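Today I'm looking up how the parts of one protein model meet and what sits around its ligand.

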Amino acid sequence: MSTELRIRNESAATAEGDAVVVGVLPAEADGDGLRLTPGTEEVDAAFDGRLTKELELAGATGKAEEIVKLPTRGAITAPLVVAVGLGKPGSEGASEPEQVRRASGAAARALSGTGRAVSTLGRLDLAAAAEGTLLGAYTFNAYKSNGANGANGKTPVGQVDLLTGDDTAEETLRRATAVANAVRTARDLINTPPNDLYPETFAARARELGEAAGLQVEVLDDAALAEGGYGGVLGVGQGSSRKPRLVRLTWSGGDSPRAKVALVGKGITFDTGGISIKPAANMDHMTSDMSGAAAVIATTVLAAQLGLPVAVTATVPMAENMPSDTAYRPGDVLKMYGGKTVEVLNTDAEGRLILADAIVRAGEDAPDYLIETSTLTGAQVVALGTRTAGIMGSDEFRDRVAAHAQTTGEGGWPMPLPDHLRPDLDSRVADLANVTSHRFGGMLAAGIFLREFVPADTPWVHIDVAGPAFNAGGPWGYTGKGGTGVPVRTMFAVLSDIAENG
Ligand code: BES
Ligand code: MN
Ligand code: ZN
């Protein structure tokens, strides 16, 4: 069951519902205490102007994502006020819309189990409130035996009425809902366990999603990959009984597309490390090693649903990285799609190998821009933490993408690709080795490896989301545990920017 959003232009004091959400801001240094966000006036009036006082008594401070519940005892129609903190402006680097998005997400989580709520946050930023609510309410109960209603599953809030006086509200809600649903689709794919989501079934789901959105779909199976010479995808996938795939989804961009964009996403449905096997601790997180693939599939579908005037082709390599008697070995040399040879020195650096094939294939379409995203390196998490993606590529486009990563609130920071690291990827026997012999700048070395396969002069970006794609910690803002759907909203913002500005 998923949450229904509606638009209402009515007083929060008389609106029907089980709870009314109000936003609160921390006291200013020279001010007199907690403040309410605009759009909450009628509720405050019904409390005789004492709402902030009562919330303060109940412990509210206005800090980001803080939830305080206050029974209304008949002061307004709804029996409960749910106050959510927005935090100080710019706290945690959050933009204003992002503060509304996170507050709406925190409120949606706090409303779990509630039938119907009314939110005044729609009056601050309708799109952000809608996205935050839908993402915060997301639950993945497909594998709970009691479904969403049992003791195990969490029931999302049934309906949220977003208050707004905006005349373009319907269109804003339609777009925000489509964006949030794309993120939710990516999360569903990531959260589906690897015994059910492996290359063949992942490709089938990509096909279904693509066809439902009217995309052109092409799936290469292992025979077609062999025929085409995709040595990277085949090498990585050969240790698994679940054979690899390469999926291509194309949105035409409508009648007069402004530009052609290639999206590429890493689709390792499970990463054991292969013969260079990973330690057992937290290996289960490697079920999320197809997050880049999930994100580009969802973003391409979204571009079509919203009729974005940009031609988009997603090229998605899918493989399972397993150790076995048929697995590729350290020391193997792979002949990649397009002819370059790569010496495999570590079978756990598999993402770059399947991506190299996909990037070369994507480059054959002569795209104006190429965007690749992947859970590529543990070094990304060491360098930037779990919430900030590493963004590398050609200088100008990299900075443009990083700016969108900031405004969407998904998080990301520009990183260099220093040329002096390139010789560290030289191989004794092949054109290139898949790893350096040291761990310094591991995130950057992976980016430098990928750059070898990008067509010259194509503006491109590599978004390493090893940390941000999967939330192994507790829920925060609109991000629950598990797959996050990052960087769907960043990529969609970039596509929208290209649609407008070329
Ligand atoms: N999928 C991993 C990267 C990863 C690590 C994603 C942690 C999410 C969380 C990737 O395939 C990998 O194993 N990378 C190696 C590269 C190394 C062998 C150069 C790594 O980061 O250790
Ligand atoms: Mn790996
Ligand atoms: Zn991996």
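Buried area, for my notes, is the accessible area (1.4 Å probe) that two parts lose on being put together, summed over both. The model is predicted, so to speak of local features I need pLDDT of at least 70, side-chain atom pairs count only at pLDDT 80 or more, and totals for chains, interfaces and linings use all residues. Residues are numbered from 1 along each chain as written, chains are lettered from A and ligands numbered from 1 in written order, and side-chain values use heavy atoms, without hydrogens and water.

**Entry 1: the two domains**

I looked up the division: domain 1 is 4–158 and domain 2 is 179–501, with bounds from an automatic or database domain assignment. Their C-alpha centres lie 36 Å apart.

How much area do domain 1 and domain 2 bury between them? I noted about 1700 Å², with 57% of it on carbon and sulfur atoms. On the domain 1 side, Leu135, Tyr138 and Tyr143 supply 38% of the area buried against domain 2, more than any other three residues.

I also found one salt bridge between the domains. The term means a side-chain nitrogen of Lys or Arg within 4 Å of a carboxyl oxygen of Asp or Glu. Glutamate 131 forms a salt bridge with arginine 489, and their closest N and O atoms are 3.6 Å apart.

**Entry 2: ligand 1**

Next I checked the 15 residues around ligand 1 (a heavy atom within 4 Å). Lys278, Asp289, Asp348, Glu350 and Gly378 come nearest.

Which atom of glutamate 350 lies 2.9 Å from an oxygen atom of ligand 1? I wrote down a polar side-chain atom. Aspartate 271 also has a polar side-chain atom 2.9 Å from an oxygen atom of ligand 1.

Notes: A polar contact is a pair of N or O atoms within 3.5 Å; within protein, one must be able to donate a hydrogen and the other to accept it, and residues adjacent in sequence count only if both atoms are side-chain atoms.
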